[in-house]
Amino acid sequence: MRRSGMPDDNGAVVVVVCSTHLNVSVSIDVRQATNKVQNMGLLSEGSPLSWEETKALADHVREHGVNQFINLYHRLKDRQGDILKWGDEVEYIIVKFDDEQKVARVALRAQDLLAQLNEKELADPKGVKSLWRPEYGAYMIEGTPGKPFGGLMAHFNLVEANMRYRREEVTELLAKDECVMSITNFPRLGASNFTHPLAQPRPEDPLSSARSLYFPDEAIFPGHPRFKTLTRNIRKRRGEKVSIKLKVFKDTKTKLPVEGAPPGEPDVVLLDAMGFGMGCCCLQLTFQACNITEARRLYDQLAPLCPIMLALTAASPIYRGYLTESDCRWNVISSSVDCRTEEERGLAPLDKQKFRIAKSRYDSIDSYLSPEGAKYNDVPLTYDEKVYQRLVEGGIDHLLAQHVAHLFIRDTVSLFSEKVHQNDNEDTDHFENIQSTNWQTMRFKPPPPNSSIGWRVEFRPCEAQISDFENAAIVCFVVLLTRVILSYQLNFLTPISKVDENMQTAQKRDACRKEKFWFRKSSKTTEQRAAKAQAQAQAQTNGKATFNGNGLANGNGSENGDQEEQQQPLTNGSAKMNGHGNTNGTTNGTTNGTNGSSNGSSNGADSDHTDTDDEENELFQLLSINEIFNGKPNVFPGLVPLIRSYLQSMEVDTDTHCTIEQYLRFIQKRAAGELITTATWMREQVLSHPDYKQDSVVSERINYDLLKRIQGIQEGKQVEPALLGQGYHSKTKTKDFIPPALQKQLAKNGCCEEK
């Protein structure tokens with residue numbers, strides 16, 4: 001589940017809630033949340049239609065979804081001035097230990113736990129420090145902050161403390177033999193007897209949703225019909241069970257064929273259910289942009305960084321009790337919801353279907369949205385021509401129209417009878433039905449109807465990390481990176497074909513240390529702009545304790561500083577930087593699909609790479625993760641040094657500075673290979689276990705000991721220098737509140753903590 005909260009005009013907090021993996025976005029006023037939470041109404045409620053009924057209504061949903069988007073776009077395309085708000089979402093697995101038998105299983109307790117966790121929200125909707133929602137697995141829950149973080153630098157010091165609070169809040173409700181873990185994948189998910197209570201798969205049962213050989217229906221969250229409905233409908237639309245294939249890690253005594261391997265593929269670990277992917281956990285972030293133009297720019301600039309962050313956060317090398325050659329969950333989830341038919345996958349001639357579709361509906365993005373990104377859309381984009389024409393006729397520019405038309409080549413795979421007939425001028429459920437079941441590395445999110453929430457982007461690639469320290473470090477790093485991108489007008493645009501290649505590279509075994517990734521070289525203007533922005537910011541004499549929603553420090557600490565025009569030399573002089581350098585207004589012109597043009601085009605500001613750069617230099621090089629994060633002379637200054645440069649222009653309180661510095665050092669060391677990824681650490685734990693038989697099998701005892709060690713790490717009782725360094729998780733100054741002295745100082749400067 002995912003949500004973000006913003007205050008509406010009446011002071012109520014409107015919470016946008018959707019399942020991270022299975023989103024159906026709805027907005028609710030928390031003053032009216034009681035019945036919604038009690039009924040798990042944060043997902044659309046009602047009577048799910050059968051696949052046959054849903055299929056018959058596919059064109060109806062598509063037609064009305066397009067109309068809803070056009071209406072929404074024209075209502076909100078000129079919306080300006082939203083401030084930065086952001087939030088994280090962490091998914092957790094509940095594990096039950098049998099200390100006598102030395103066995104660990106997933107505990108199917110999510111529905112019971114959520115009922116208890118939501119009691120605080122029911123009692124005090126506006127005052128809770130955390131929000132809890134269901135996920136796909138009956139053993140999974142998702143927690144987020146009770147309200148979004150904002151533009152204060154001090155907010156970075158709240159993240160880890162809030163994550164700790166969430167973990168403690170769940171732990172209080174667990175039995176002594178249970179533990180809540182932020183691990184990406186339960187290592188023996190799908191192996192024999194992996195659930196508690198024990199449940200067995202029923203592959204021959206026509207009433208089973210998954211009909212899996214390994215994953216029982218009881219492991220699917222039972223509190224809402226959407227989860228099992230999606231499982232059944234994806235299988236039925238595909239015409240067969242999903243097929244997830246991972247190469248086994250071949251050790252000296254690995255037995256081939258692997259149990260259950262497909263004919264002719266003896267070294268494949270086969271997974272056959274949606275739960276193997278959607279039953280994984282992740283770490284995601286959502287950012288509110290100041291307007292649609294900035295949202296489109298952030299979407300594009302963050303997209304090439306998705307495979308980079310996936311490699312850095314790799315945390316899932318074990319599936320169905322086997323060590324595999326993959327370190328990440330991404331392809332597993334992609335295949336787990338791949339509802340394409342044989343025709344759409346190119347395995348049979350097109351007859352009943354309209355399109356050959358290159359990817360699953362869960363995959364990396366297929367096109368950029370900003371005019372600057374248009375020429376890097378080098379992969380042929382399949383889109384519905386009829387939908388595209390309707391969008392263009394409705395006043396949507398080419399790049400956004402083809403993006404939406406591409407999303408709409410997918411059929412709806414879940415529909416409720418109560419949601420069939422809607423008012424296209426007010427509702428957006430049909431649009432969200434398609435939009436939210438296109439699970440890509442980035443998601444471009446229009447404002448919800450009748451809400452104070454603005455245009456947003458969602459960053460989706462990161463794997464869940466073991467400790468709150470690691471998860472907080474990743475979150476704060478990415479948020480700071482968005483501010484640097486906007487402040488220095490950085491350009492990370494990389495051809496989509498190379499981003500796709502990077503996504504596959506990122507998932508290879510130990511990719512963080514061993515592989516290289518296509519990355520854009522830095523032009524000389526990058527360093528010049530960074531130095532110029534830093535020097536001008538430092539020249540200001542007033543406080544700089546905050547940063548606004550557009551990346552640049554405000555001279556007087558308020559949202560709109562009097563000296564903003566002087567302090568923000570890279571903007572058009574307005575109070576808000578709109579995300580496209582010296583652009584003016586939103587991008588609502590049309591583009592030709594090659595170079596792109598817009599009425600918000602550049603007015604002469606340097607871009608990171610001009611056409612001359614394209615002609616004179618090879619723009620893209622294969623760089624290691626270390627070189628991308630820590631820099632390579634004369635090629636790229638490094639993401640961490642760029643963030644440090646940005647921070648030098650900000651006034652940061654001592655505790656927050658200490659915390660951020662620990663996070664940056666951690667990121668630097670992991671990128672350099674001085675610290676290893678969770679995936680590499682887990683492999684080493686298995687390979688060095690006294691019970692390991694060099695056969696690639698993670699036995700129940702190995703699984704138990706591995707998870708016990710993880711429990712010790714997240715509780716601070718187990719020191720793992722290779723993973724975290726010496727006591728890094730205990731060095732931050734994280735707090736769950738902004739100290740009164742700092743609040744007083746901020747108020748003096750015209751700034752206060754956002755409510």
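The largest nonpolar core of this predicted model has 191 residues, where a nonpolar core is a set of buried Ala, Val, Leu, Ile, Met, Phe, Trp, Tyr and Cys residues joined through side-chain atoms within 4.5 Å. Buried means under 20% relative accessible area, exposed means over 50%, and partly exposed lies in between, with a 1.4 Å probe and protein chains only. The residues with the most contacts inside the core are Phe215, Leu391, Phe459, Phe477 and Phe629. Helix α14, residues 468-488, gives the core its largest share, 15 residues. Helices (H or I, at least four residues) and strands (E, at least two) are DSSP runs, numbered from the N terminus. In soluble globular proteins, nonpolar side chains tend to be buried together.

Take a look at phenylalanine 629. Leaving aside neighbours within four places in sequence, its contacts include Ile308, Met309, Leu312, Phe477 and Ile667; a contact means heavy atoms within 4.5 Å.

Before going further, a word on how to read the model. Residues are numbered from 1 along each chain as its sequence is written, and side-chain values use heavy atoms, with hydrogens and water left out. Because this is a predicted model, local features need pLDDT of at least 70 and side-chain atom pairs count only at pLDDT 80 or more, while totals for chains, interfaces and linings use all residues.

Now step back to the whole chain. Its secondary structure comes to 26 helices and 20 strands, and buried residues make up 64% of its 755 residues. Among contacts between residues at least 6 apart in sequence, 74% join residues at least 24 apart. The chain exposes about 26200 Å², of which carbon and sulfur atoms supply 47%; these areas come from the Shrake-Rupley method with a 1.4 Å probe, and for residues only the protein chains shown count as cover.

Lysine 247 leads us on to the charged residues. Its side chain meets that of aspartate 267 in a salt bridge, 3.2 Å from N to O; a salt bridge is a side-chain nitrogen of Lys or Arg within 4 Å of a carboxyl oxygen of Asp or Glu. Lysine 247 lies in β10 and aspartate 267 in the loop between β10 and β11, so the pair ties together parts that are 20 residues apart in sequence. Lysine 247 is partly exposed at 45% relative accessible area, whereas aspartate 267 is buried at 12%.

The count of salt bridges comes to 48. One of them joins glutamate 458 and arginine 460, with the closest N and O atoms 3.5 Å apart, and both residues are buried. In another, lysine 717 meets glutamate 715 at 3.3 Å, N to O; here lysine 717 is exposed at 68% and glutamate 715 is partly exposed at 39%. A network of salt bridges links Asp59, Arg62, Arg237, Glu344 and Asp411.

Our last stop is glutamate 674, in the loop between α22 and α23. Glutamate 674 is exposed, at 53% relative accessibility. Not counting residues up to four places away in sequence, glutamate 674 touches Lys669 and Ala722.
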